[in-house]
Amino acid sequence: MSEDVRRRRTLLGLAIVSLFVLVISMAVDRRSSDDGGGSERASDDTATPDGSEGDGGDADAETDDQPEGEFFRSDFEGLADPDGFTKPYPNAAVEGVLTFRGNPSRSYYGAGPVSRATPQVLHRFPDEPMCRQSSNLGTTKIWCGMGWTGQPTIAVREDRTWAIFGGYDGNIHFMDAVTGERILPDVETGDIIKGTPTIDPDGSPLVYSGSRDNLLRVIAFDRPGQAEVLWTLDADAVQPTLWNDDWDSSPVIIGDHMVVGSESSRFWVIKLNKSTDAAGLIQVAPEIVFTTEAWDQEALNINGDDTASVESSVAVHGNTAYFGTSAGLIWGYDLGGLDAGEAPTADFRFFTGGDNDASVVVDDEGMLYVASQYDRDLDRAREVGQLTKIDPSNAVNPIVWKLDDQSALKGGIYGTPGIHGDTIYVGTNGGRLIALDRATGAVRWEKRLPPPVWGSPVIVDDVLLIGDCEGTLHAYDVSDPAIDPPELWSIELGGCVEATPVVWDGRIYVGSRAGHLYVLG
Ligand SMILES: [Ca+2]
Ligand SMILES: [Ca+2]
Ligand SMILES: [Ca+2]
């Protein structure tokens with residue numbers, strides 16, 4: 001470890017220590033429920049972590065005492081601890097919601113509290129609406145604001161909370177989450193950004209973001225005055241490809257590896273080779289260590305088309321990476337040999353019969369929750385349903401239960417489901433908001449919202465947040481999962497809310513198609 005790295009980590013450790021003092025003083029009123037890593041929080045425990053915990057990536061770090069704050073420490077020897085389900089990113093050196101749905105199992109929604117009274121619009125970012133013209137597959141139009149998936153990411157770094165997100169202006173934005181001010185000039189890409197960026201969990205000042213301009217970017221935000229694009233990957237860099245060339249998938253970072261899918265219908269594993277240069281600035285030297293086609297001919301033959309893009313964000317459970325494709329294929333790849341230089345192998349394949357743009361959510365038992373669109377008139381789509389609990393260890397009959405949503409073609413589900421306790425929540429293209437018993441699949445309640453409902457439900461402190469496409473963000477009290485939940489409040493955001501919100505420290509961050517990101521609190 002260089003002196004620069006050591007010095008920077010010491011500074012980071014000091015910052016975390018002071019953060020812990022602050023968090024301890026706030027712990028009692030900050031969160032009353034025990035979601036996330038909060039259950040170990042004790043007001044009489046003033047222990048602070050040592051430097052090794054601040055480093056975050058050390059598998060030998062003590063795990064009996066969870067550090068204060070929204071951290072999840074794991075000594076799991078594989079890639080992604082199954083116990084990290086619904087918890088913050090395992091062994092992260094920074095607090096926050098660092099990727100789409102917060103963690104490798106795509107099941108962490110942020111830190112409360114969430115206002116039970118109608119919040120105020122504290123900030124509207126930026127001054128001018130985020131708009132640009134975009135052409136795709138022969139159609140040109142003006143896009144504004146933030147859309148699917150469009151979840152802002154949050155990272156608490158030293159004395160500042162960052163919100164980093166892409167917009168339909170094609171820019172990656174760096175906003176002070178507290179003041180709503182721009183921290184760094186935007187990083188411009190050549191087309192709109194639909195997906196959710198990923199902030200490096202190991203504390204490296206790196207953010208990873210796709211764009212519709214066909215490039216996936218690795219961006220450093222430690223340079224004074226201007227973030228810097230360190231590396232790009234073109235979706236067509238490796239052939240063959242199918243369909244399109246955008247990047248909507250939110251990368252998952254596992255150690256020094258980035259795991260991601262492209263709309264060119266490929267699955268990628270990139271070794272980042274992170275380092276710190278003599279000036280103390282982060283550097284990368286990425287290499288593609290694995291990429292493969294995300295389709296097979298059997299599925300294409302049944303579908304009768306060549307759409308196989310990976311727009312979902314890869315989920316990791318144990319050593320297995322799961323992702324869905326527009327061909328209706330759910331793949332599981334064993335990444336366990338990566339550090340030994342062994343190529344990943346496909347050890348799970350499931351055909352849904354519908355486009356799987358939603359990310360696979362994996363629970364602590366390894367069960368998959370797969371949301372599918374109903375966009376092809378296939379018997380298989382009716383057999384599998386549009387929300388399906390799958391046991392990947394059962395090769396003969398993996399479907400545990402299913403929910404049907406087949407009242408119209410172009411039905412089904414685009415948003416990634418949300419799980420809170422024994423309930424799973426999902427919105428549909430047709431405007432259904434549905435709560436199901438996670439064990440049995442029984443529908444507990446259902447509401448109708450102005451369609452489509454493409455955002456993903458966010459559940460923090462027993463409050464469920466979901467946007468609709470008339471521009472309303474709704475908050476429901478789901479403290480009693482058995483009853484149709486009362487609406488606590490709603491707020492108008494001027495345009496379709498198809499982006500997924502994020503909650504952090506009493507505030508809600510959400511974009512709408514009207515043009516802006518809103519900070520509510
Ligand atoms: Ca493109
Ligand atoms: Ca797309
Ligand atoms: Ca798709």
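## Close-ups of a predicted chain

D461 counts as buried, because it has 22 C-beta neighbours inside 10 Å. Buried here means that 20 or more other C-beta atoms lie within 10 Å of a residue's own; 12 or fewer makes it exposed, anything in between makes it partly exposed, and C-beta atoms are placed from the backbone. This is a predicted model, where local features need pLDDT of at least 70, side-chain atom pairs count only at pLDDT 80 or more, and totals for chains, interfaces and linings use all residues. Residues are numbered from 1 along each chain as its sequence is written, while chains are lettered from A and ligands numbered from 1 in the order in which they are written.

**View 1. The whole chain, before zooming in.** There are four helices and 40 strands in the chain. Both are DSSP runs numbered from the N terminus: helices are H or I with at least four residues, strands are E with at least two. Of the 521 residues, 55% are buried. Take the contacts with a separation of 6 or more: 55% of them are between residues 24 or more positions apart. Two residues are in contact if their C-beta atoms, placed from the backbone, lie within 7 Å.

**View 2. D461 and the sheet that begins with β34.** Look for D461 in the loop between β34 (458-460) and β35 (463-467). Phi of D461 is near 55°, a positive value in a residue that isn't glycine. Why give that a second look? Most residues other than glycine have a negative phi. (Axes are lines fitted to C-alpha atoms, for helices over the stretch in contact, and angles run from 0 to 180 degrees between N-to-C directions.) Strands pair if DSSP finds at least two bridges between them, and β35 has five to β36 (residues 472-477). One to find: L465 has A475 in β36 as its bridge partner.

**View 3. E158, another positive phi.** E158 isn't a glycine either, yet its phi is positive, about 50°. Is E158 buried or partly exposed? It counts as partly exposed, because it has 14 C-beta neighbours inside 10 Å.

**View 4. Two cis peptide bonds.** Most peptide bonds are trans. The one from G112 to P113 is cis, with omega near 0°, and P113 sits in the loop between β2 (110-111) and β3 (121-125). Q239 and P240 are also joined by a cis bond, with omega about 0°. You'll find P240 in the loop between β13 (228-234) and β14 (252-254).

**View 5. The sheet that contains β13.** Here four strands form an open sheet in the order β10-β11-β12-β13, with antiparallel pairing. β10 (198-199) and β13 stand at the edges with a single partner strand each, so one side of each has no neighbour in the sheet. Six bridges link β12 (residues 215-220) to β13, and L215 has D234 as its bridge partner.

**View 6. T325 and its contacts.** T325 is in the loop between β21 (320-324) and β22 (329-334). It counts as buried because 28 C-beta neighbours lie inside 10 Å. Beyond four places in sequence, the contacts of T325 include S265, W295, A308 and N356. A308 is 17 residues away along the chain, with 5.5 Å between the two C-alpha atoms.
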